[in-house]
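Me: I would like to learn how to read a few features of a structure, one at a time. Please give the general idea where there is one, then the case at hand.

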Amino acid sequence: MRADDFLYPTDAGLYCPAGDFFIDPVRPVPRALITHGHGDHARAGHGAVMATRQTLDIMAIRYGEDFCETRQVADGAARVGGVEVSFHPAGHVLGSAQIRLACDKGPVIVVSGDYCRTPNPVCAPWEPVPCDIFVTEATFGLPVFKHPDPAAEMAKLLASMAEFPDRAHLIGAYALGKAQRVMALLRAAGYDRPIHLHGAIQRLTDYHVEQGVDLGDLLPATTPKEIEGQVVIAPPSAFASPWVQRFRDPVISFASGWMAVRARARQRGVELPLVISDHVDWPQLTQTLTELRPDEVWVTHGAEEALVRWCALNQLRARPLRLVGYDEDEE
Amino acid sequence: MKDFALLLERLAFTPSRNAKLQILQHYLERTPDPDRGYAFAALTGDLKLRAVTPGLLRGLVAERFDEQLFALSYDFVGDLAETIALIWDGEPVGDLPLTDAVHLLETTGKAGLPSAIAGVLDRLGPSERLAFLKLATGNLRIGLSGRLARTALAQMGEPTLDDIEEVWHGLKPPYPEVFAWVTGGPRPDRAALAPFRPVMLSTPTDLEELRALDPAEHVAEWKWDGIRVQAVSEGGVRRLYSRTGEDVSGAFPDLIDEMTWEGAVDGELLVRRQGEVASFNELQQRLNRKTVSRALLESHPAGLRVYDLLIWNGEDLRPRPLMDRRAVLEAADFRSDRIDISRLLPFGTWDDLAALRADPPDAVIEGVMIKRRDAAYVGGRPRGPWFKWKRDPRVVDAVMMYAQRGHGKRSGFYSDFTFGLWSGADLVPVGKAYFGFTDEELRELDRFVRNNTTERFGPVRAVAPKLVVEVAFEGVNRSTRHKSGVAMRFPRVARIRWDKPVAEADRLETLEAMIDAPNVFAADAARAGTRHGRTKRAGGEDEPGAARPRAPAGYLGTEDGEGEPPKGSR
């Protein structure tokens, strides 16, 4: 059998026939393995779901306890049909994992999910997992993406708060992972005033605190008079809603790897772009491929073309996996 | 360079004028001389450095990066300097003071420039690389006018903005005397004789807006399609300035010779032969020149039509009402047959004026100017005293033939379109347009292009001739550079005619009939018109449809020059 008989893309997502399961399926399936809790990877309505305990908790918080029929915590190696399956930290968000598939009489395949190699105070660090085939994301798969030190981005935020001490600084950050990372980075930068939260990120933030992540003094962003000149963290969608109208002349900020490109920041009307990403940047992507040196690289969502080109220039076999349904903006 | 890079980044993303002022003021307050002076000049476009060309940058890139990876990156980022700043592998070593960067660009010879630039890029971080490249290419695109920047200066100390404007002209970067003055030192002497004074600008209007005003309180004049200039002749020094204060005397020695009077006047620069005003296309050939040939001086003589007096025989008339200034103007003797005055139009009602505007006596008239009788002459663009009411744009119904992918915000969208008109049984490309539609229309156009592609040439697609688009433009000239032999000025999409059969699109003859005036120097003119246009993109030279006709805006700055789209475009 060829390698792509063991794992291949379908309309529902990446399918492994030997184990009869899908990885991060985009529509309801009988059996799903989930890499992490972001909405485009973790959806409700599957039959059986296997994921890390934290990812299962996060899915229950987002979708309710009945988000699937049965769930199984990934803990060490487990057999699913003719495949030995194990989950390994991906360093992307709390609970995120790479999934290693060792198929009987077949290759070892690692599906990276989304991953990040920059130390992240809110989740376990990425681990290299040797494999024959590495299925990598390529969200920031262009050589222009070299994420700066997040501490330097925090310094920019603090400088802006000093320059405009009366204006609330509203930071757009996705509710799972990025929001809590920004809080942790602020604390690491020595910011000790309360951080105000939009309601939509409260529960996931509480969950991080329950899991032992120290985020300091957190308050709901409900009393606008007291939050002039303060930091408020909100999901980016809130900036398009009337919720923003409560702030007088806020500084609109956005924490995302896309903010490295000015046109992207302008497109979103961002006044203070903060380049903070939960994905590998180009140097980390290429370093990972160089270190793992798999027989073959399959490139999924993102800039497949450029990474495949880099692999060709570096004598690595690579091909794009044209998966649909993943939202590259979810960062 | 670090502080300068941060300043540029903050200014680029800050939409509010007041926040911009605050950021700039804070920067100027905490940055020492001469860095702050050079930063100031760079922001206002007054730093004249050897301009590093996109070609030079492309050369640097070609040496170091895989062509395909760079092309994919550029396509995503949308800006050449930014792509290079991001993709470059450099390790920041210390910091390069802005002054040193400026000196390096000033003193390095052409041959040594590529390696000098690469050397600097190697030792800067990404934001500083971008700031350095923007400085080197002279293209900061911060959206900060000189006047706004000087407002920040005025906020630093006692001198008012007007105080600063009066002494400004003739001062040179890095302006140590100005920074000394605003921080408590003595007022600098006015450095230049025959200085430039801030020009008064108008705002666009239409009949509906005018109806709210009393016609009896206003006067009107023809708006000539020339170049707005300030001609100054004081104490034997004569200068001709563009409306942005750029000294363009060198290109117009024939007019300078005629300025034998004493004063500072505001008017329209025109090419005139025996009293006949020539088209803007002909005037264009006199632009962009340091020296002018005798032949060109004879074939394209420059003249001036004066509409206002700022200073006359030593008296500053600016605080006085327009009609007082006009009385002096009408009595003035300019002692030259190349200089005359702009006459007032007789009208009693706005409808009278509308009728005049609809039927101007000369093809080189592009509308009417309306001015309040009692208004003082105020620099800048105060809203109210002066209006421009331009003629309606011309339109043709053209057929979409090619589409090119956009960059940056339009990355991934087919947003630049080449249009053609019928000539016999064939379509001939006549121009390109890349704005005038809404975001929603852009999505529909993009879908249309994808569903009707017949051929691909890199980022360009040939499209089946199925869609008619109403293209609006300001004028049309003969051009040997275009296959069709004509070039439109400032074309844009006025309406998408999903309903109209392509067979009913206009013919090339229709467009030819709109040509303003025959012109033997058309090829030169087309070049002058595009030289200061947008930087060509990768592969742009091979685009079907050839040149991108553009308003000759950036250069001397006609009244509409500051990137302001004509009324009616979206």
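Me: At what angle do helix 3 and helix 7 of chain B pack, and how far apart are their axes?

Reply: Keep in mind that this is a predicted model. Two packed helices are described by the angle between their axes and the distance between the axes. In chain B, helix 3 (residues 35-44) and helix 7 (residues 98-107) pack at an angle of about 60 degrees, and their axes are 8 Å apart. Helix 3 of chain B and helix 7 of chain B are therefore oblique to each other.

Me: Which residues meet where helix 3 of chain B touches helix 7 of chain B?

Reply: Helix 3 of chain B brings B:Asp35, B:Tyr38 and B:Ala39, and helix 7 of chain B brings B:Leu98, B:Thr99 and B:Val102. Sorted by class, this contact has four nonpolar, one polar and one charged residues.

Me: How many residues of helix 3 of chain B are buried?

Reply: Burial is judged by counting neighbours: a residue is buried if 20 or more other C-beta atoms lie within 10 Å of its own. Ten of the ten residues of helix 3 of chain B are buried, so this helix is largely enclosed by the rest of the structure. Among them are B:Arg36, B:Phe40 and B:Leu43. The cover over these buried residues includes helix 1 (2-13), helix 2 (17-30), helix 7, helix 9 (126-137), helix 10 (146-156) and helix 12 (176-182) of chain B. After helix 3 of chain B comes B:Gly45, with a positive phi near 80 degrees.

Me: Is B:Leu104 buried, exposed or partly exposed?

Reply: B:Leu104 belongs to helix 7 of chain B. With 19 other C-beta atoms within 10 Å, B:Leu104 is partly exposed, because the cut-off for buried is 20 or more. Apart from neighbours within four places in sequence, B:Leu104 is in contact with B:Ala116 and B:Val120. The C-alpha atom of B:Leu104 is also separated by 9.8 Å from that of B:Leu49, 55 residues away along the chain.

Me: Which residues of helix 18 of chain B are buried?

Reply: In helix 18 (residues 350-358) of chain B, the buried ones are B:Trp350, B:Leu353 and B:Arg357. These three cover an arc of only 60 degrees around the axis, which puts them on the same side of helix 18 of chain B. B:Ala355 and B:Ala358 are exposed on the other side of the helix. Among the elements that cover the buried residues of helix 18 of chain B are strand 2 (218-224) and strand 10 (365-372) of chain B.

Me: What does chain B look like as a whole, in helices and strands?

Reply: Chain B has 21 helices and 20 strands. Of its 570 residues, 42% count as buried. Among contacts in chain B between residues at least 6 apart in sequence, 72% join residues at least 24 apart.

Me: Now chain A. In what sense do strand 7 and strand 8 of chain A pair?

Reply: In a regular strand the side chains alternate between the two faces of the sheet. Strand 7 (residues 78-80) and strand 8 (residues 83-89) of chain A pair in the antiparallel sense over three bridges. One bridge links A:Val80 to its partner A:Val83 in strand 8 of chain A. The hairpin of these two strands has two residues between them, and A:Gly81 there takes a positive phi near 55 degrees. Strand 8 of chain A is also joined to strand 9 (residues 97-103) of chain A, antiparallel, by seven bridges. A:Ser86 has A:Arg100 in strand 9 of chain A as its bridge partner.

Me: Where do strand 14 and strand 17 of chain A stand in their sheet?

Reply: They belong to an open sheet of six strands in chain A, in the order 14-13-15-12-16-17, with parallel pairing. Strand 14 (218-220) and strand 17 of chain A stand at the edges, each with a single partner strand, so one side of each is left without a neighbour in the sheet. From one strand to the next, the twist averages 30 degrees. Helix 3 (residues 150-163) of chain A packs on the sheet and touches strand 12 (169-172), strand 16 and strand 17 of chain A.

Me: How many residues of chain A are in contact with chain B?

Reply: In chain A, 21 residues are in contact with 20 residues of chain B. Helix 6 (262-267), strand 17 (272-274) and helix 8 (304-313) of chain A each give two or more residues to this side. By class, the side of chain A that touches chain B has 14 nonpolar, one polar and six charged residues.

Technical notes
Residues are numbered from 1 along each chain as its sequence is written. Chains are lettered from A and ligands numbered from 1 in the order in which they are written. This is a predicted model: local features need pLDDT of at least 70, side-chain atom pairs count only at pLDDT 80 or more; totals for chains, interfaces and linings use all residues. Two residues are in contact if their C-beta atoms, placed from the backbone, lie within 7 Å. Helices (H or I, at least four residues) and strands (E, at least two) are DSSP runs, numbered from the N terminus. Ala, Val, Leu, Ile, Met, Phe, Trp, Tyr, Cys and Pro count as nonpolar, Asp, Glu, Lys and Arg as charged, and the others, Gly among them, as polar. A residue is buried if 20 or more other C-beta atoms lie within 10 Å of its own, exposed if 12 or fewer, and partly exposed in between; C-beta atoms are placed from the backbone. The arc is that of the directions from the helix axis to the C-beta atoms. Axes are lines fitted to C-alpha atoms, for helices over the stretch in contact, and angles run from 0 to 180 degrees between N-to-C directions. Angles under 35 degrees count as roughly parallel, over 145 as roughly antiparallel, 65 to 115 as roughly perpendicular and the rest as oblique. Two strands pair if DSSP finds at least two bridges between them.
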